[in-house]
Amino acid sequence: MGSRRMLNWTGKLIGAALGLYFGGPVGAALGILLGNAFDKTQARRAQGDIGGGSKGVLQTAFFQATFLVMGKVAKADGRVSEQEIEIARHVMARMGLSERQRLEAMSLFNEGKDPEFSIETVLTDLADVIGRRATLAQIFLEVQLQVAYSDGQLTVNERNVLQTISNYLGINRIQFEIIHQRIRAQMHFSEGQHQQQPRSSQSQLANAYQILGVSASSSDAELKKAYRRLMNQHHPDKLVAKGLPEEMMSIAKEKTQEIQTAYERVRKARKAA
């Protein structure tokens, strides 16, 4: 990822060297100006403002950051639990990774677990390539929240790491809490559906409302609007078009299914009232 930082200087360095060789100090100054224009073009290309392989750059950065940061989140409370390892493997399985990709993902996960590993550089690079694609930042945070909650609770250290992720990706505290509460409700809702002794109907209904980000007092129109907004944000094809790794499309599909199930649960309850 650090190679992209070199792109910011490559043109200026080459331009200065060639300019100095052919035209002395004046030529060097001109070379720096020309090189600077080249660097800006390359930077825009990497961020997706103009054509080029920007989508591939973003997908690679997203993939690598996902598992590096996942390792950091898992290790945040001092030890990596079996549940956290299992959910990391589960994410890999859902992504349908090849053997090479799976080994790379595990290597990145283990690197992220290292106490000396700092996620700041990774998050800075990810924020650079994500740019204004806010939905990708939110999806990234959602995946990390699911890892943090895999053992049923969110520790102070885990929350601190998640807040760091949010800060670097431009997610404010209010947005963080909305996403946080939605993911927690989503996990409780999913657990309730698969338990042999299902949770109470009222508890599941409350979770469904929280997933959709509305209250029981919201109108049907407000409910539908919230549902459509969430479905649009998590639409797999739209996310992949914005740079989500294609391997993560299945994760996006699961999220849309969970949102749809919650919506149908609320609609059914309202019709029965």
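Predicted model: local features only at pLDDT ≥ 70, side-chain atom pairs only at ≥ 80, totals over all residues.
Trainee: How are helix 3 and helix 12 oriented to each other?
Mentor: Helix 3 spans residues 82–95 and helix 12 spans residues 249–272. Their axes come within 7 Å and cross at roughly 100°. Angles of 65 to 115 degrees count as roughly perpendicular, so the orientation of helix 3 to helix 12 is roughly perpendicular.

Trainee: Which residues of helix 12 does helix 3 meet?
Mentor: Helix 3 contributes V91, R94 and M95 to this contact. The residues of the contact divide into three nonpolar, one polar and two charged.

Trainee: Which helix supplies the largest share of the lining of the largest pocket?
Mentor: The largest pocket has a volume of about 400 Å³, and 16 residues line it. At least two lining residues each come from helix 3, helix 6 (134–148), helix 8 (173–194) and helix 12. The largest share, six residues, comes from helix 3.

Trainee: Which lining residues are the closest to the centre of the largest pocket, and how does the lining divide by residue class?
Mentor: The closest to the centre are I87, H90, Q146, M187 and S190. By class, the lining of the largest pocket divides into five nonpolar, six polar and five charged residues.

Trainee: How are helix 6 and helix 7 oriented to each other?
Mentor: Helix 7 covers residues 156–168, and its axis lies 11 Å from that of helix 6. The two helices pack at an angle of about 175°. Angles over 145 degrees count as roughly antiparallel, and helix 6 and helix 7 are therefore roughly antiparallel.

Trainee: How do the residues of the contact of helix 6 with helix 7 divide by class?
Mentor: Helix 6 brings F140, L141, Q144, L145 and A148 to the contact. Helix 7 brings E158, L162, I165 and S166. These residues divide into six nonpolar, two polar and one charged.

Trainee: What geometry does the pair of F62 and F140 have?
Mentor: The whole structure holds three aromatic pairs, and F62 with F140 is one of them. The ring centres of F62 and F140 lie 5.5 Å apart. Their planes stand at 90°, so the geometry is edge-to-face.

Trainee: How many residues apart in sequence are the parts tied together by F62 and F140?
Mentor: F62 belongs to helix 2 (residues 54–75), whereas F140 belongs to helix 6. The pair therefore ties together parts whose separation in sequence is 78 residues.

Key
Residues numbered from 1 in each chain as written. Heavy atoms only, no water. Axes fitted to C-alpha atoms, helices over the stretch in contact; angles between N-to-C directions. Helix = DSSP H or I, 4+ residues; strand = E, 2+ residues; numbered from the N terminus. Parallel < 35°, antiparallel > 145°, perpendicular 65-115°, else oblique. Contact = heavy atoms within 4.5 Å. Nonpolar A, V, L, I, M, F, W, Y, C, P; charged D, E, K, R; others polar. 1 Å grid on protein atoms, 1.4 Å probe; cavity = no way out; pocket = protein on both sides within 12 Å on 5 of 7 lines; lining within 4 Å. Points joined across faces, edges and corners; volume = space filled by probe spheres on them. Phe/Tyr/Trp six-rings, centres within 6.5 Å; stacked < 30°, edge-to-face > 60°.
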